[in-house]
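This briefing goes through one protein chain by topic. The sequence and the structure come first, and the notes follow.

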Amino acid sequence: MTDLTGLQVSHYRVVERLGEGGMGVVYRAEDTRLGRQVALKFLSETLLDNKEVLQRFQREARAASALGHPNICTIFDVGDFEGRPFIVMELLQGETLREFLKGTPLDVESLLEWAIQIARGLQSAHERGIIHRDIKPANIFISEQGLAKITDFGLAKLLQPDPTASNSSDWPTVTEDALTSPGTAMGTISFMSPEQARGEELDVKTDLFSFGVVLYEMASGKQPFPGKTTALVFDAILHQTPVAPSEYNSAIGYELERIIARALEKDRTTRYQTAQELLVDLLTLRRDLASGAVPVQKEKVGTSIGVLPFADLSPGKDQRYFCEGLAEELLNALSRLEGLNVASRTSAFALKGKDFDIHQIGARLGVASVLEGSVRKAGD
């Protein structure tokens with residue numbers, strides 16, 4: 001592969017090669033007009049004839065350039081050098097969140113600081129009608145100054161703006177084109193939302209689920225939906241409840257675990273609805289932790305309930321999905337009752353198989369009542 005170090009590309013002098021990703025090679029360069037250091041991302045030579053990858057590369061430039069926000073990597077310019085398209089970006093010094101984590105949990109203070117910044121970046125993108133569709137630690141950069149920035153909008157999608165909105169003309173032009181077809185799952189498997197895994201139409205809540213996966217890993221050092229094969233990971237995302245992150249890191253506390261659990265709700269109607277909503281919870285938690293107002297365990301509420309997965313008493317023990325589905329339907333129905341607080345599915349289902357009595361379960365969920373049941377299959 002041709003090394004561009006030392007060459008003059010437009011008004012940029014290429015200084016050194018920084019690294020290579022899935023689509024391109026990144027160089028540090030000097031903007032000779034403005035006298036600043038920038039990063040040049042060139043599409044890999046081996047991918048120049050790949051129309052789909054070229055569209056993704058162009059999409060990244062169009063989407064990110066429309067988002068001027070301190071928690072999103074800034075795009076300055078685009079160009080072409082001897083048939084190789086390139087993007088001019090701000091030069092980031094530091095490392096990705098993936099490199100930073102290295103399988104270990106963050107302290108709560110750092111976690112909240114970066115989580116708040118990421119949420120602000122997502123809020124800005126969503127307000128401009130752009131969903132990222134590939135939120136993961138590798139696409140979040142932590143600068144040497146401790147600033148979190150969302151990168152790589154190569155899978156970004158523009159949601160159709162409301163034509164009656166007063167600012168609809170300000171929305172960026174990011175077309176869906178032929179890059180994705182109906183029923184196609186786009187993104188990184190371990191960080192996909194259930195609706196993304198099913199190839200359904202997506203909205204901003206898919207990014208919030210992926211962000212929940214990132215939060216889980218930041219809190220526990222583990223992935224919530226592990227699996228040795230794609231099929232196992234998909235099954236976990238669609239059907240399994242992750243181990244409560246406090247099982248790996250008891251320091252995170254109930255409230256942070258509640259926030260993560262809500263972000264990871266499989267039913268997007270019970271998930272956080274906007275990045276702003278999630279951001280408010282994160283900001284409130286940081287404030288309360290600073291003031292000492294957050295209790296280790298949430299007090300029980302009189303009108304509150306937790307729904308546990310039903311026990312499978314069938315001879316063949318082959319009714320797991322029905323047991324969990326029945327409990328989930330009851331949970332969703334109860335959640336619609338005004339004045340009733342219902343423990344999240346993730347928190348309640350995480351207690352499945354644990355050696356706790358019903359009073360301990362109620363205390364861990366912070367509820368006054370617990371619903372448990374069983375299913376028995378007879379014949380057909």
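Eleven helices and 16 strands make up the secondary structure of the protein chain. The model is predicted, with an average pLDDT of 83 for the protein chain. Of its 380 residues, 48% count as buried.

**Confidence**

- A pLDDT of at least 70 is reached by 86% of the residues.
- Helix 5 (residues 205–220) has the highest confidence, at 97, whereas helix 11 (residues 358–365) has the lowest, at a mean of 68.
- Over residues 162–184, pLDDT stays under 50. For these residues the model has 40 contacts beyond four places in sequence.
- Where pLDDT is low, the predicted coordinates should not be read in detail.

**Overall packing and surface**

- Among the contacts in the protein chain with a separation of 6 or more, 66% are between residues 24 or more positions apart.
- The protein chain has an accessible surface of about 17900 Å², and carbon and sulfur atoms account for 50% of that surface.

- Strand 1 (residues 8–9) pairs with strand 2 (residues 12–20) in the antiparallel sense, over two bridges.
- V9 has Y12 in strand 2 as its bridge partner.
- Two residues separate strand 1 from strand 2 in a hairpin. S10, in the turn, has a positive phi of about 55°.
- Strand 2 also runs antiparallel to strand 3 (residues 24–31), and seven bridges join them.
- R17 has Y27 in strand 3 as its bridge partner.
- In a regular strand the side chains alternate between the two faces of the sheet.

**Aromatic pairs**

- The whole structure contains four aromatic pairs.
- F100 and W114 form an edge-to-face pair, at 4.9 Å centre to centre and with 90° between the planes.
- This pair ties together parts that are 14 residues apart in sequence, because F100 lies in helix 2 (residues 97–101) and W114 in helix 3 (residues 108–127).
- W114 is buried because its relative accessible area is 8%, while F100, at 34% relative accessibility, counts as partly exposed.
- The rings of F209 and F225 have their centres 5.9 Å apart; their planes are at 10°, so this pair is stacked.
- Y27, F42 and F86 are linked into a cluster by ring pairs. Y27 is also the bridge partner of R17.

**Arginines over rings**

- R36 lies over the face of F76, 3.9 Å from the ring centre.
- R262 lies over the face of Y272, 4.4 Å from the ring centre.

**A buried glycine**

- G366 is in the loop between helix 11 and strand 15 (367–371).
- Why does G366 count as buried? Its relative accessibility is 1%, and the cut-off for buried is under 20%.
- G366 and Y254 are 112 residues apart along the chain, and their C-alpha atoms are separated by 9.2 Å.
- Helix 11, on one side of this loop, is the helix where confidence is lowest.

Definitions and conventions. Residues are numbered from 1 along each chain as its sequence is written. This is a predicted model: local features need pLDDT of at least 70, side-chain atom pairs count only at pLDDT 80 or more; totals for chains, interfaces and linings use all residues. Side-chain values use heavy atoms; hydrogens and water are left out. pLDDT is the predictor's confidence in each residue, from 0 to 100. Helices (H or I, at least four residues) and strands (E, at least two) are DSSP runs, numbered from the N terminus. Contact means heavy atoms within 4.5 Å. Two strands pair if DSSP finds at least two bridges between them. Buried means under 20% relative accessible area, exposed over 50%, partly exposed in between (1.4 Å probe, protein chains only). Accessible areas come from the Shrake-Rupley method with a 1.4 Å probe; for residues, only the protein chains shown count as cover. Rings of Phe, Tyr and Trp (its six-membered ring) pair if their centres lie within 6.5 Å; planes under 30 degrees apart count as stacked, over 60 as edge-to-face and the rest as tilted. A charge sits over a ring if NZ of Lys or CZ of Arg is within 6 Å of the ring centre and within 35 degrees of the ring normal.
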